[in-house]
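Here is a brief report on one protein chain.

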Amino acid sequence: RINFNPILAGSLRDRDWAGLRKLLHQTKRWVFPGAAAASALLIVAFWIFSGILIPEKGLNEGMLPLAILLTGLTLIAAFVPFDNLMLVSGFPGLQTLQHMILVTSNIAFNLAIIPFLGIIGAAAATGLSYIAGITALFFFAHRFLGWNLLYNRMAEPALTALVRTEKSLSKSRGESEC
């Protein structure tokens with residue numbers, strides 16, 4: 001995220017919609033496979049340590065929760081760098097709401113699933129809450145920016161509305177139009 005925020009903010013400021021779409025395309029192309037590979041390596045490393053090197057510790061029971069958590073994180077990996085999109089787009093309230101959805105869904109899913117599935121349920125609930133947070137980002141980006149993040153498409157009318165919003169924000173701050 002730290003590396004993406006300046007690029008996102010600059011592209012939004014310059015209204016470089018093609019640059020934003022290219023950034024998302026490249027992120028989907030590289031981050032998802034990288035996250036999947038890293039997850040697979042982590043599972044193999046955990047298996048080696050818990051099952052071969054120190055089997056007496058009983059850590060192998062954590063394999064399934066680890067796999068569930070990593071699956072959830074891998075599914076959303078390509079979109080995590082865009083997590084602050086609403087903030088850098090001038091919608092800090094929506095950014096806050098997005099994170100509130102993530103936290104609230106995490107609590108709700110944990111309360112609903114842990115009594116039945118224990119630690120496996122906790123892993124599933126956490127993975128589902130991350131997916132809920134990214135789903136909120138999809139909705140807000142589509143609704144307020146006109147950018148369908150899942151299919152990487154932009155709607156022109158929404159972009160025009162965003163430009164109008166930026167101009168009105170600049171005027172309310174006392175900035176001159178350039």
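A residue is buried at under 20% relative accessible area, exposed at over 50% and partly exposed in between, with a 1.4 Å probe and protein chains only. By that cut-off, 37% of the 178 residues of the protein chain are buried. The model is predicted: local features need pLDDT of at least 70, side-chain atom pairs count only at pLDDT 80 or more, and totals for chains, interfaces and linings use all residues. Residues are numbered from 1 along each chain as its sequence is written, and side-chain values use heavy atoms, leaving out hydrogens and water.

The protein chain has 6 helices and 2 strands. Helices (H or I, at least four residues) and strands (E, at least two) are DSSP runs, numbered from the N terminus. Their pattern along the sequence is α-α-α-α-α-β-β-α.

In helix H1 (residues 4–13), the buried residues are Phe4, Asn5, Leu8, Gly10, Ser11 and Leu12. Arg15 follows H1 and has a positive phi, near 55°.

Next comes the pairing of H2 and H3. Their axes come within 9 Å and cross at roughly 170°. Axes are lines fitted to C-alpha atoms, for helices over the stretch in contact, and angles run from 0 to 180 degrees between N-to-C directions. H2 and H3 are therefore roughly antiparallel, a label for angles over 145 degrees. Contact means heavy atoms within 4.5 Å.

| Helix | Residues | In the contact |
|---|---|---|
| H2 | 17–53 | Phe32, Ala35, Ala36, Ser39, Leu42, Ile43, Phe46, Trp47 |
| H3 | 63–76 | Met63, Leu66, Ala67, Leu70, Thr74, Leu75 |

How values were computed:
Angles under 35 degrees count as roughly parallel, over 145 as roughly antiparallel, 65 to 115 as roughly perpendicular and the rest as oblique.
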